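Biologist: I should like to learn how to read helices and charged pairs in a structural model. May we work through the example together?

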Amino acid sequence: MNTETDRIGTHEAEEDERNANILIWVNGRLTPRAEATVSVYDSGFMLGDGVWEGLRLYEGRWTFLDEHIARLFEAAKAIDLDIGMTPDQVMDALEATRAANAMTTDAHARLMVTRGVKRLPFQHPRLSTQGPTMVIIMEHSRPRIPRPVRLATVPHLRGLPMTQDPKLNSHSKLNCILACIAAEKAGADEALMLDVHGFVNTTNACNFFIVRRGEVWTSTGDYCMNGITRQKVIDLCRANGIPVFERNFSLVDAYGADEAFLTGTFGAQTPVGEIDGRVIGTGRIGPVTERLRGFYKTLVMP
């Protein structure tokens with residue numbers, strides 16, 4: 001049985017004392033961390049009514065910035081939320097926060113937009129009369145994942161788009177949080193979630209890939225966040241002669257994989273060592289994953 005001290009997560013980062021004094025963007029003001037607050041009537045706090053993006057800073061550059069900002073605006077449009085700024089103004093706010101915190105590399109930003117402050121504590125969007133609310137949290141953040149992660153399959157699914165579309169980066173993450181709790185109760189680091197048909201889909205926080213006989217497989221993308229890093233890995237496979245397939249596959253296929261890894265903005269490519277107690281490959285990072293890491297590093301730090 002894994003001990004509590006042996007637990008890790010896919011967003012493990014080195015401790016950095018500078019983060020105690022960061023400035024956080026809150027509606028146009030750069031505010032010390034201890035003073036950065038939003039109203040208890042904010043629709044994001046009250047109902048999870050908002051959208052967000054996570055971004056990484058490498059060597060002075062926000063990786064795939066245009067794609068992240070475009071996805072933020074697409075998500076806002078999908079939920080009928082007016083951000084109240086242009087994409088260029090949002091990027092200017094991101095840059096102002098970076099400059100104020102003197103960050104040059106190995107930083108992570110969480111850019112959040114909610115429907116704003118409500119006049120009554122109820123659901124209807126028209127009650128959000130002050131807003132939107134925009135917050136940018138930016139931290140010094142160097143990933144520290146000391147070993148391949150362990151996954152546990154959970155009963156929580158990524159559902160159909162007519163309930164809550166899993167392609168939406170929304171503040172409403174309770175389904176994924178419950179999946180994460182179930183995985184932790186099972187002694188794992190993160191949850192492996194299936195789709196509505198029982199095929200392997202994604203984890204509670206990252207996209208999931210396996211490698212079988214030199215081929216890279218990931219889900220169809222119909223029931224998961226179609227991550228930007230996910231797409232970059234698919235593109236890198238195609239550009240470098242690695243067979244890659246977006247397809248349905250089962251837990252049996254995953255258990256018998258030679259390698260498995262996760263993708264996400266924070267960790268890039270994170271190796272998976274176990275699924276449901278079964279060792280994947282050697283239990284260490286595999287050669288195809290290592291190769292893709294090298295290609296990706298060249299992509300983000302040319």
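Biologist: What should the 12 residues of helix α5 (residues 174-185) span, and what is the distance between its end C-alpha atoms?

Modeller: Please note that this is a predicted model, in which local features need pLDDT of at least 70 and side-chain atom pairs count only at pLDDT 80 or more, whereas totals for chains, interfaces and linings use all residues. Residues are numbered from 1 along each chain as its sequence is written, and side-chain values use heavy atoms, with hydrogens and water left out. Helices (H or I, at least four residues) and strands (E, at least two) are DSSP runs, numbered from the N terminus. The expected span of a helix is 1.5 Å times one less than its number of residues. For α5 that gives 16 Å, and the end C-alpha atoms are 16 Å apart, which agrees.

Biologist: Which residues of α5 are buried?

Modeller: Buried means under 20% relative accessible area, exposed over 50%, and partly exposed in between (1.4 Å probe, protein chains only). In α5, the buried residues are Cys 176, Ala 179 and Ala 183. Viewed down the helix axis, the buried residues of α5 fall within an arc of 55° (taken from the directions from the axis to the C-beta atoms), so they line one face. They pack against β9 and β10 (190-194), where contact means heavy atoms within 4.5 Å. Leu 174 and Lys 185 are exposed, on the face of α5 turned away from the buried side.

Biologist: Where in the chain do Glu 246 and Arg 230 lie?

Modeller: Their side chains meet in a salt bridge of 3.1 Å, N to O. Glu 246 belongs to strand β14 (residues 244-246) and Arg 230 to helix α6 (residues 228-239), so the pair ties together parts 16 residues apart in sequence. Glu 246 is partly exposed at 35%, whereas Arg 230 is buried at 1%.

Terms used. Salt bridge = Lys/Arg side-chain N within 4 Å of Asp/Glu carboxyl O.
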